[in-house]
Amino acid sequence: MQIEIAEPGRMIQTGSSLLRLIQNNNMPALDLLIRESIQNSLDARASNSRYVEMDFLTGHFRSEQLGKELDLLTQPLYKRYSNKECEFLAIRDSNTTGLTGVMDYKKVKNNDYGNLLKLVYEICKPQETEGAGGSWGIGKTVYFRVGIGLVIYYSRIKNDKGVYESRLAASLVENEMDSNAMIPVYNDMPKRGIAWWGERIRENVTQPVTDDEYIQNFLKIFEIMPYMKDETGTTIIIPYINPEALLSNNRIEYLNDSDKAIIPFWGYKIEDYLSIAAQRWYAPRLNNMNYQQGAYLRMRINDKGISYEDMEPVFKIIQSLYNRANYVETDEDDILNSVETKKTEAISVYKYLEDKTVGTLAFAKVSKEVLHMNAPDNKPEPYIYFNNEIRDSDVNRPTICYTRKPAMIVAYENVGAWVSNIASTSKDEYILGIFVLSSFNKLKNSPTVKSLEEYIRKSEMADHTSWSDWSEGNYNPRFVSKIQSNVNKIIGREFTEVKENKQPKINSGLGKMFGDMLLPPEGFGKGAGISRNSTGNSQTGKRSRFKFAIDTSSITYSDGSMVIPMILQSSPKKKLRRAEFDMIIDSESKKINISEWENKMCLETPFSIREYNIYIVNIDGKEYNQHSVMKADDSIELCGIQFAGKVTNKGTCHGLSIYSDEQHYVKIKINIIVDLNRNDIKPAFIFEKEE
């Protein structure tokens, strides 16, 4: 193949700048490669395909054989490697469209460059299809960082005339200032460190080779089979890889009880690492025939398939949670069927969306047994599978991951805004959750972006490892921060806290308000009424700067229900971020929470909250006097403060969480309507706050 050497020019990239363009110092190079290559293939799926097939191949080749095929690179490669046997990594997909589009820039019309020019010859030209993985177009630079910067592209397409056509090209990106740079100087001009190989069509201009016989002989260097019959797809070959360097790249050091380094089983062979990395980032889509947004993913490594049975238990859990977040009915073999504590809940954002649902959260508390961490399996901790640090040796921090339409996991978060207000668990169990974006939801009044999917897609950085809020002029819906606060609120209210050195939750001083003070004599009362003047004998305790109290003198009753007025009030010296209450069962032996009563004791709940009437009197001294009625199992935002009912798995509402992003001092009145199914069991209330 003939060489085309990139010429210098204005505002163009050089090899050294391309290699720095997507520098991610926190994620291993193999993970970046898995994320980018699989997403490229999934974005290019054939329209009639139910799944995309991917093969990752490793092997050896003779350097001299490859060097002979690359014009003006033969001698530099021989000087560096002679005829040594070197290693390569190849990524092959099928059931995809292949590298379609024109091969010559002079034939580009309406800025439609096509997949071929975008992948092989361009940087910063992303996929334009809504819901595609990339939004920057520079993720493809990871291919140049896995080996020595040399990448070979082979593809077979069905062209516009319905004829199958093969294409072969190569490119090299290197640091042009390196003394060992291999690309020669062109016409005495400064080096750019970029070159391509193919069929020469003009002076220093090439396009991919289309000669099938030449392509088949070229592929024999790597013992890779060409596409046959009606197959279409793309194969990317990266020669001159260093497996040891790739396996040690950005590896987190885990220590055992004796402070000796733990290297997980996938840290020794590149094939094992690729398998775990594929599960890590594509668990929702790998072997998931319930995937609803297009083609699911099937994958082989050196001809050995990764079946669902081969997947690690922790990634089966992630897939199961993803399916639950999409309200897919589970089958008998679902790994979470035996898990007692699991929940799915939609998250709402008001005002900015045509449909208030911004996405769905699914989470579970799973034991070591479910994760196969006990003998004889002895699987590693979830943090090790997620490539996260183990931050505490005494408790387990929760882990939340999140994804949009392509179903690639963006990140696994066990610290920061996604989990900051979720309690830790004991070392014997783990809280795992996934948030799935409502990608098809539409934005209201957005100046440019029309769908929620595209808004979030544009918020991702080039390596797609996080979401963040961004503004269009005065338009800033703050979706991400609202999602994060709701994730914290929903999971936080579900689980109690393990005792740690620090205890962010402080009892308000009110403690428990017992049922003897609340329940009326049998048959008392005729009609339900709501008292809006909470001025009676409130049980406030001794803390005058804060109270969360019940006005017992203003409780009203009817047959089968009661209305309980509450007041939440704090001062400038007692600002709050979060407050909540729980209605529990006051038995003779102990206080029992509603979930335990329903799930462990299998009893029908004697009372439940039906409705909240919320009155915001003032916030930070500013008068609001805003009122809203909220159904018990709903959530609302009022004056920047979020209110969410606390609901059991069986749908019984038993409390209320009040949460804001910032600390405030407030005065809020809340009247709750409680349905009483029995008068012989007493309710009690527990109040808590977090400053």
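Is Phe265 buried, partly exposed or exposed? Phe265 is partly exposed, with a relative accessible area of 40%; buried means under 20%, exposed over 50%, and partly exposed in between, with a 1.4 Å probe and protein chains only.

The model is predicted: local features need pLDDT of at least 70, side-chain atom pairs count only at pLDDT 80 or more, and totals for chains, interfaces and linings use all residues. Residues are numbered from 1 along each chain as its sequence is written, and side-chain values use heavy atoms, with hydrogens and water left out.

**View 1. Aromatic pairs, including Phe61 with Phe88 and Phe265 with Trp266**. The structure holds 33 aromatic pairs. Rings of Phe, Tyr and Trp (its six-membered ring) pair if their centres lie within 6.5 Å; planes under 30 degrees apart count as stacked, over 60 as edge-to-face and the rest as tilted. Phe61 and Phe88 form an edge-to-face pair, because their ring centres are 6.4 Å apart and their planes stand at 65 degrees. Phe61 belongs to strand E2 (residues 51-62) and Phe88 to strand E3 (residues 85-94), so this pair ties together parts that are 27 residues apart in sequence. Phe61 and Phe88 are both buried. The rings of Phe265 and Trp266 are also edge-to-face, with centres 4.9 Å apart and planes at 85 degrees. Trp266 is buried, at a relative accessible area of 3%. A cluster linked by ring pairs consists of Phe61, Tyr81, Phe88, Tyr214, Phe218, Phe222 and Tyr240.

**View 2. Arginine charges over the rings of Trp281 and Tyr51**. A charge sits over a ring if NZ of Lys or CZ of Arg is within 6 Å of the ring centre and within 35 degrees of the ring normal. Arg35 places its charged end over the ring of Trp281, 4.5 Å from the centre. For Arg298 over the ring of Tyr51, the distance to the centre is 4.1 Å.

View 3. Helices (H or I, at least four residues) and strands (E, at least two) are DSSP runs, numbered from the N terminus. Strand E15 (residues 399-403) pairs with E16 in the antiparallel sense over three bridges, and Cys401 has Tyr412 in E16 as its bridge partner.

**View 4. Backbone details at Pro376, Asn445 and Arg478**. The peptide bond from Ala375 to Pro376 is cis, with omega near 10 degrees. Pro376 lies in the loop between E14 and helix H11 (382-385). Asn445, although not a glycine, has a positive phi of about 65 degrees. Asn445 lies in the loop between E17 and helix H12 (452-459) and is exposed, with a relative accessible area of 70%. Arg478, in the loop between H12 and H13, has a positive phi near 55 degrees.

Methods: Pairing = 2+ DSSP bridges.
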